Amino acid sequence: QVHVVESGGGLVQPGGSLRLSCAASGTIFSANAMGWYRQGPGKQRELVARIARGGTTNYEDSVKGRFTISRDNAKNTVYLQMNSLKPEDAAVYYCYVLLLNKEYWGQGTQVTVSS
């Protein structure tokens, strides 16, 4: 059974950085796509960044130039380097995995941006 485990959230001051990690285990197949979604208080869940198996990336407009997504296909692991964090980036970040036409989600990791 596929398990998705994410980590790296925490408290950071505005302008600071965090690096999120997420690993999909329990499969010998490489994920077709991996990414990160987030949901802030009273807001809908939104796509933050996505990376396909071949390396193509997509970013939500507000994080372009500040966040970088990367992956290790052999480990089925995805990372999100978040720089220049803003208060509006505060949310629960969820790891997303697309594998063999099925979607898998992590439990979420809290990112708090506050002075």
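The model you are looking at is predicted, so local features need pLDDT of at least 70, side-chain atom pairs count only at pLDDT 80 or more, and totals for chains, interfaces and linings use all residues. Residues are numbered from 1 along each chain as its sequence is written, and side-chain values use heavy atoms, with hydrogens and water left out.

- Strands (E) are DSSP runs of at least two residues and helices (H or I) are runs of at least four, numbered from the N terminus.
- Two strands pair if DSSP finds at least two bridges between them.
- Strand E2 (residues 10-12) pairs with E11 in the parallel sense, over three bridges.
- Within that pairing, look for valine 12, whose bridge partner in E11 is valine 113.
- E9 also pairs with E11, here in the antiparallel sense and over three bridges.
- For alanine 91, the bridge partner in E11 is valine 111.

**Around threonine 27**

- You can find threonine 27 in the loop between strand E3 (18-25) and strand E4 (33-39).
- Threonine 27 counts as partly exposed because its relative accessibility is 24%; buried means under 20% relative accessible area, exposed means over 50%, and partly exposed lies in between (1.4 Å probe, protein chains only).
- Leaving aside residues up to four places away in sequence, threonine 27 touches Val2, Asn76 and Leu99; contact means heavy atoms within 4.5 Å.
- Threonine 27 and leucine 99 are 72 residues apart in sequence, and their C-alpha atoms are 9.2 Å apart in space.
- A polar atom of the threonine 27 side chain lies 3.1 Å from the backbone nitrogen of phenylalanine 29.

**Two residues with a positive phi**

- Asparagine 76 is not a glycine, yet it has a positive phi of about 50°.
- The place of asparagine 76 is the loop between strand E7 (67-72) and strand E8 (77-82).
- With a relative accessible area of 4%, asparagine 76 is buried.
- Leucine 100 also has a positive phi of about 50° although it is not a glycine.
- Leucine 100 sits in the loop between strand E9 (91-99) and strand E10 (102-105).
- Leucine 100 is classed as exposed because its relative accessible area is 52%.

- Side chains of opposite charge can pair when their charged atoms come close.
- A salt bridge is a side-chain nitrogen of Lys or Arg within 4 Å of a carboxyl oxygen of Asp or Glu, and the count by this rule comes to four.
- Arginine 38 belongs to strand E4 and is buried because its relative accessible area is 6%.
- Glutamate 46 meets arginine 38 in a salt bridge of 2.8 Å, N to O, and glutamate 46 is partly exposed at 32% relative accessibility.
- Aspartate 89 forms a salt bridge with arginine 38 too, with the closest N and O atoms 3.0 Å apart.
- That pair links distant parts of the chain, 51 residues apart: aspartate 89 is in the loop between E8 and E9, and arginine 38 is in strand E4.
- Aspartate 89 counts as buried because its relative accessibility is 1%.
- Lysine 64 and aspartate 61 join their side chains in a salt bridge (3.1 Å, N to O), and aspartate 61 is exposed at 60% relative accessible area.
- Through salt bridges that share partners, Arg38, Glu46, Arg66 and Asp89 form one network.
- The side chain of arginine 38 also makes a polar contact of 3.4 Å with the side chain of serine 62.
- A polar contact is a pair of N or O atoms within 3.5 Å; within protein, one must be able to donate a hydrogen and the other to accept it, and residues adjacent in sequence count only if both atoms are side-chain atoms.
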